[in-house]
Amino acid sequence: MTPPPCPAADEPLTVLYDGSCPLCRREIAHVRSLADKKGGAALCFVDVSADATRPAPERDALLARFHVQRADGTRLDGAAAFVAMWQRLPGWRWLARLARLPGMLALLERAYGGFLRVRPALQRIAQRREPPPGQEA
């Protein structure tokens, strides 16, 4: 029997990520390990790239930027999504508090926009460095 996708919590946060992106897979693996080590952080993880049930325009929008979805169905994207996720991770909450200082979210969003511009090149580099399927370390 597989465990439920979300830990039991009053307000789980669903992380919508691009599982076809080697950078995203590494980041999500890191976040999952942090959440697991700290006894769960009320985070769920959904690989949008593997979700063929979503309409193409919605799926494409979710793959283009990082998103999280709150329990009420509302979504945050970009820097705001990262801050919401950091708020759930013990050891990272200080960064979420720092991001809430005046002007910080706008600065983080600008930095994220810069990352998105170089993301395709970084993905190609990361893809070349990944072991072939079946030969994972």
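A salt bridge is a side-chain nitrogen of Lys or Arg within 4 Å of a carboxyl oxygen of Asp or Glu. The structure shown here is a predicted model, and by this rule its salt bridges number six. In one of them, arginine 54 pairs with glutamate 58, and their closest N and O atoms are 3.2 Å apart. Arginine 54 also meets the side chain of aspartate 51 in a salt bridge, at 3.0 Å from N to O.

The surroundings of these residues can be described as well. Arginine 54 counts as buried because its relative accessibility is 17%, and buried means under 20%. Aspartate 51 is buried, as is arginine 54. Glutamate 58, by contrast, has a relative accessibility of 26% and therefore counts as partly exposed.

## The pair of aspartate 77 and arginine 65

Another salt bridge is formed by the side chains of aspartate 77 and arginine 65, with a distance of 2.5 Å from N to O. Aspartate 77 belongs to strand E4 (residues 75-77), while arginine 65 sits in the loop between helix H2 (56-64) and strand E3 (67-69), so this pair ties together parts that are 12 residues apart in sequence. Aspartate 77 is partly exposed, its relative accessible area being 31%. Arginine 65 also counts as partly exposed, at 23% relative accessibility.

Shared partners link some of the salt bridges: Asp51, Arg54, Glu58 and Arg75 are joined in this way into one network.

## Overall organisation

The chain has five helices and four strands. Read from the N terminus, these elements follow the order β-α-β-α-β-β-α-α-α. The chain holds 137 residues, of which 33% are buried.

## Cysteines

The model contains zero disulfides. Cysteine 21 takes part in no disulfide, and the nearest cysteine sulfur, that of cysteine 24, lies 3.1 Å away. A disulfide requires two cysteine sulfur atoms within 2.5 Å; the sulfur of cysteine 24 is 3.1 Å from the closest one, in cysteine 21, and is therefore too far for a bond.

## Surface patches

In one, Arg26, Arg124, Arg128 and Arg129 gather to form a patch of positive charge. Helix H5 (residues 104-129) gives the most to this positive patch, contributing three residues. Arginine 129 lies in helix H5. With a relative accessible area of 67%, arginine 129 is exposed, since exposed means over 50%.

The other patch is nonpolar and consists of Phe115, Val118, Leu122 and Ile125, which together have about 290 Å² of accessible area on the surface. Phenylalanine 115 is found in helix H5. The relative accessible area of phenylalanine 115 is 32%, so this residue is partly exposed.

Definitions and conventions:
Residues are numbered from 1 along each chain as its sequence is written. This is a predicted model: local features need pLDDT of at least 70, side-chain atom pairs count only at pLDDT 80 or more; totals for chains, interfaces and linings use all residues. Side-chain values use heavy atoms; hydrogens and water are left out. Patches are made of residues with over 30% relative accessible area and no salt bridge: like charges are joined within 9 Å, nonpolar side chains (Val, Leu, Ile, Met, Phe, Trp, Tyr) within 5 Å. Accessible areas come from the Shrake-Rupley method with a 1.4 Å probe; for residues, only the protein chains shown count as cover. Lys and Arg count as positive and Asp and Glu as negative; His and the chain ends are not counted. The place of a charge is taken as NZ of Lys, CZ of Arg, CG of Asp or CD of Glu. Helices (H or I, at least four residues) and strands (E, at least two) are DSSP runs, numbered from the N terminus. Buried means under 20% relative accessible area, exposed over 50%, partly exposed in between (1.4 Å probe, protein chains only).
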